[in-house]
Each structure stands twice: as C-alpha cells, then as structure tokens.
Amino acid sequence: MAPDRHRASVLVLTNAYDVTADVVLRILAERRVPVVRVDPGADLLGGAPLTAHYRTGGQRGVLRTPSRDLDLTRVRSVWVRRPSPYEASRGLDEHSARFANSQAFWGVGGILASLPGAHYVNHPWRIRDAEYKPAQLAVASRAGFLVPDTVITTDPAEARRFCTDHPGGAVYKPLWDSRFRAEDGTARTVWVREVDPTEITDAVSVCPHLFQAKVDKAFDARVTAVGDRLFAVRIDSPDLDWRHRQDLMTCAPIEVPEPVARAITAYLAELRLTFGAFDFAVTARGDWSFLECNPNGQWAWQPAASTAAIACALADQLERGPDA
C-alpha cells in the first residue's frame, strides 16, 4: 500500500444506531485507521455539505462533517452498512420533499458510489443487484449450489400445482422484506411458513409469490463471507424460520464443506461482492441447500468468537483498501 493510502480515511455509511458497525469501528480505532462515519440520508440532508467537481482528466470533492473535512479523492475504503433512507422533509411540502429525496438518491448516492480508487464493502450498486431473489437463485444454480425447487408466479393455479407436486411440503417466502401493516395498523413481519395448496387463493395474482419445496433439514447454517474468508455457524431452532424467535435458537461454529466453499467463491465473484451472508438448510445426510444470500446481512448476533472474527476480517478489508 502506498504511503498516502495509509493516511487515507475509511468512510462508513450507516445510521447513528448501528451497533454492529461500532464493533468494527472500535477495531479500526485501535489500529489508528482514520474513519469518517456519515449517514447520507440524515447528515447530508441536514447540514453536512457535500461537493463534487468533475472535469476532463479527473475529479475532486469534499464532505464536511462537524469534526473534519474529508477529501473524496483520499478515501481508501467505503463500508456501505445501513444508511437511512433519504428524507429531506424539514420545511418542505410533500411534493418538494419527494423531489428533494429523489435528487438526493441520485446525486448524493451517485457521488458516494463513484469515489476514485476506493474499495467498497459492498458497492451499493452491487448490493442492489444482489438483493433480487430471482437473481440470487439463478446465480446460485450457476455457482454450483444445491437449490431447492422454486417457483415465482402470479398464477394461482400454477402455485397450487407446484405445492401439490411436492408431497414433502412447500413454503412461502416474500421476495423482499416489504413493510406490511394489518388492518388495525399494527406492523407485521412476514416470516417463511409452510403452505397447503388449499390455502392458495386468487390473491396470488395481485403480485409475484415465491413458493419453494420444503427441505427436510436437520439444522440451518449461516456462512458469513468476507473476501475469501468464511465464518460458519450451525443454527438449531424450533421454528421453520429461525429469525422468528431468535431467543430460542442456539448457534455453534461449524466447518464449511469444500464444494459449498467453492460455490460461495463463484457466487461472490459473479455478483462482484466482497461480503455476503449465506443461509443454508442442511439435511441429516449433510446436503447443504442454498436458501439466500444477503449482501448486507447482520452478523453480530453470532457467538462472541464468530462475531469477533468477522469484525476483524471486515476491519482488514477496510484497512487495506484497494489492495484487499
């Protein structure tokens, strides 16, 4: 790494309440790596000026925070964690706020996604591309994973046929973690759940639904990939969807089979990801079936040793920058 890169900053894009980011930032502080933490959706629309200049032969820019000025040409790494949505609503009417938020998304988002020479973990455009469930399933199949039989459809008859054709059972899972409120206004989370063909109504035609053959799993596995380093835990839970009641699940480190590790490497390479949180259903025979990969998943809920190892791996990526 060139000497000037050692003095360049790590830019962390996340909200003020992201305690997972704090775990990594403490490590970078111990290593005396300069860090600038900003929430684009809140700070940059609330008084932290951002300016970028473009001309033939190069670009320059500056981000001013209450504590420092960040030269945008001297950013070694950008960690896109959990930034807030752009909400420039203060003092604006509804239509003006909607316009301002759109301009911020394309303007601020575009500037911070185009910093010269910076190493992104992950690049925001790669995160977006990798969040589409259909794309995940297609790439997973090409990468060499075992992929459960899956259908995405707006045809109720096709959905019923699919579930009937899988006597071992089928599950429904949302294509995105969309906000949902019941008729009484209560916020609800849509968990993965088993589906009986007789439950499927014509409401399926309203929007795409994802149905998947149920894997007769012995346990779940989460593999957190940071570059070429893999950190895996076995998850035992009484629930089909272990996220539903995390207080009832148990975790323990587990080895990743070599074929699965190779498929993870291929998957990350195709989607140009540095980080990925992979979920698998593991059968009693030891078959690992791919369920999904969150390109910006949480990981600090894992056992202390696993959490510490992942945090150090992320700190290594951010500290090394483009050389990672």
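Accessible areas here come from the Shrake-Rupley method with a 1.4 Å probe, and for residues only the protein chains shown count as cover. On that basis, the chain has an accessible surface of about 17,000 Å², with 51% of this belonging to carbon and sulfur atoms. Please keep in mind that this is a predicted model, in which local features need pLDDT of at least 70, side-chain atom pairs count only at pLDDT 80 or more, and totals for chains, interfaces and linings use all residues. Residues are numbered from 1 along each chain as its sequence is written, and side-chain values use heavy atoms, with hydrogens and water left out.

Let us start with the overall form. Along the principal axes, the C-alpha atoms of the chain fill a box of roughly 60 × 50 × 40 Å. The radius of gyration, taken over C-alpha atoms, can be set against a globule rule of 2.2 Å times the number of residues to the power 0.38. For 324 residues that rule puts a compact globule near 20 Å, and the chain agrees with its 22 Å.

Inside that outline, the chain has 8 helices and 18 strands; these are DSSP runs numbered from the N terminus, helices being H or I with at least four residues and strands E with at least two. Of the 324 residues, 45% count as buried, where buried means under 20% relative accessible area, exposed over 50%, and partly exposed in between (1.4 Å probe, protein chains only). Taking a contact as heavy atoms within 4.5 Å, 67% of the contacts with a separation of 6 or more join residues 24 or more positions apart.

Beyond neighbours within four places in sequence, Val 10 is in contact with residues including Leu 28, Val 33, Val 35, Arg 76 and Leu 318. Gly 110 lies 100 residues from Val 10 along the chain, with 18 Å between their C-alpha atoms.

Now to the cysteines. How many disulfides does the structure hold? There are 0, a disulfide being a pair of cysteine sulfur atoms within 2.5 Å. For Cys 207, the closest cysteine sulfur is in Cys 163, 15 Å away, so the distance is too far for a bond. Cys 312 is in no disulfide either, with the nearest cysteine sulfur, that of Cys 251, 19 Å away. Cys 207 is partly exposed at 37% relative accessible area, and Cys 312 is also partly exposed, at 31%.
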